[in-house]
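Subject: Structure handover and notes

Dear colleague,

I am passing on the structure we spoke of, and would be glad if you could look through it alongside the notes below.

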Amino acid sequence: MATQRIVLKFGSGILARPKGNALDEGQFRKLADAVAGLVKKGAQCIIVSSGAVAAGMPVLGLKERPGDLITRQACAATGQSRLMEMYSEKFGTHGLAVAQLLLTHGDLDSRSRRENAGNTLERLLERGKVVPIVNENDSVAVEELRFGDNDHLSAEVATLARADLLIILTSVVGLMVAKGKLVPVVRDLEAVAGLVREEKGKLSVGGMVTKLEAVRLALAAGIPTVIANGRKPGTIGAIAEGKAGGTRFVTERS
């Protein structure tokens with residue numbers, strides 16, 4: 001594969017069931033199948049995953065996503081292990097192990113902690129049969145729960161890992177402008193930023209604005225980024241091979 005290191009961000013809207021009160025096991029299977037396919041072709045894949053709140057809701061007996069921050073943190077605390085169990089089970093069918101990295105933006109702002117996180121990712125990827133799963137440490141940090149559904153974190157991880165490509169998978173098809181028209185390729189982010197429709201799935205925390213902020217951060221590091229629908233079959237493989245899918249944001253070097 002031309003692209004060797006790929007960071008994939010899975011939003012809440014593509015990991016949870018329609019009501020958002022539990023994980024969608026069938027969707028995890030499909031995503032694991034797609035990522036495992038990339039690994040078998042020689043790619044190194046890192047997943048930045050939301051979904052801990054949805055995973056924890058059944059444990060706390062909640063049928064609707066809680067409105068208050070503390071309860072969402074409690075859901076995330078109980079759901080993180082269930083989230084990792086789901087990934088472990090689905091990737092295990094492909095002979096792949098998973099590794100959990102819980103980070104905060106403070107970790108990535110600290111030179112020493114950032115270096116430690118980067119070294120850990122490098123060593124895991126060297127093994128070849130391990131897929132790192134990164135999430136925000138929601139019990140002590142609340143950026144994801146309040147604002148961005150891990151969008152910004154995915155760009156920071158892509159930069160840290162010196163990724164070749166960032167794929168942000170969400171419940172919308174990509175960047176939409178007037179009359180619901182999809183923009184397939186963007187070479188000038190600033191030119192389209194003012195035209196953005198605030199597309200946002202009902203289960204998602206972050207909308208298109210936070211995703212474009214993540215795109216801007218990734219592009220500044222020279223990393224092409226794609227925003228696409230995570231429930232459309234074949235999307236991950238097509239994007240990794242440079243084919244059409246969602247909206248591709250490119251740098252001058254792309």
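The notes that follow cover a helix pair, a leucine and its contacts, the nonpolar cores and the cysteines. Please keep in mind throughout that this is a predicted model.

I begin with helix α6, which spans residues 111–127, and helix α8, which spans residues 151–160; the two pack at an angle of about 75°, and their axes lie 10 Å apart. Because angles of 65 to 115 degrees count as roughly perpendicular, α6 is described as roughly perpendicular to α8. On the α6 side the contact is made by R114, A117, G118 and L121, while α8 contributes E156, V157, T159 and L160. Sorted by type, the residues of this contact comprise four nonpolar, two polar and two charged.

Helix α8 itself is largely enclosed by the rest of the structure, since eight of its 10 residues are buried. The buried residues of α8 are D151, L153, S154, A155, E156, V157, A158 and L160, and among them E156, V157 and L160 also take part in the contact with α6. Following α8 comes R162, which has a positive phi, near 55°.

Returning to α6, this helix also holds L125, a residue that counts as buried because its relative accessible area is 6%, where buried means under 20%. Once its neighbours within four places in sequence are set aside, L125 is in contact with R5, Q44, C45, I46 and P132.

As for the nonpolar cores, the largest has 40 residues, and within it F10, V35 and Y87 have the most contacts. Beyond its neighbours within four places in sequence, F10 is in contact with L15, L31, V35, I47, V48, S49, S50, Y87, L169 and I236, a list that includes both V35 and Y87. Another core, of 38 residues, lies apart from that one, and V7, V134, V183 and L212 are among its members.

Finally, which cysteines are buried, and how many disulfides are there? C45 is buried at 2% relative accessibility, and C75 is likewise buried, with a relative accessible area of 0%. With a disulfide taken as a pair of cysteine sulfur atoms within 2.5 Å, the count of disulfides comes to zero.

With best wishes

Technical notes: Residues numbered from 1 in each chain as written. Predicted model: local features only at pLDDT ≥ 70, side-chain atom pairs only at ≥ 80, totals over all residues. Heavy atoms only, no water. Axes fitted to C-alpha atoms, helices over the stretch in contact; angles between N-to-C directions. Helix = DSSP H or I, 4+ residues; strand = E, 2+ residues; numbered from the N terminus. Parallel < 35°, antiparallel > 145°, perpendicular 65-115°, else oblique. Contact = heavy atoms within 4.5 Å. Nonpolar A, V, L, I, M, F, W, Y, C, P; charged D, E, K, R; others polar. Buried < 20%, exposed > 50% of the residue type's maximum accessible area, 1.4 Å probe, protein only. Core = buried A, V, L, I, M, F, W, Y, C linked by side-chain atoms within 4.5 Å.
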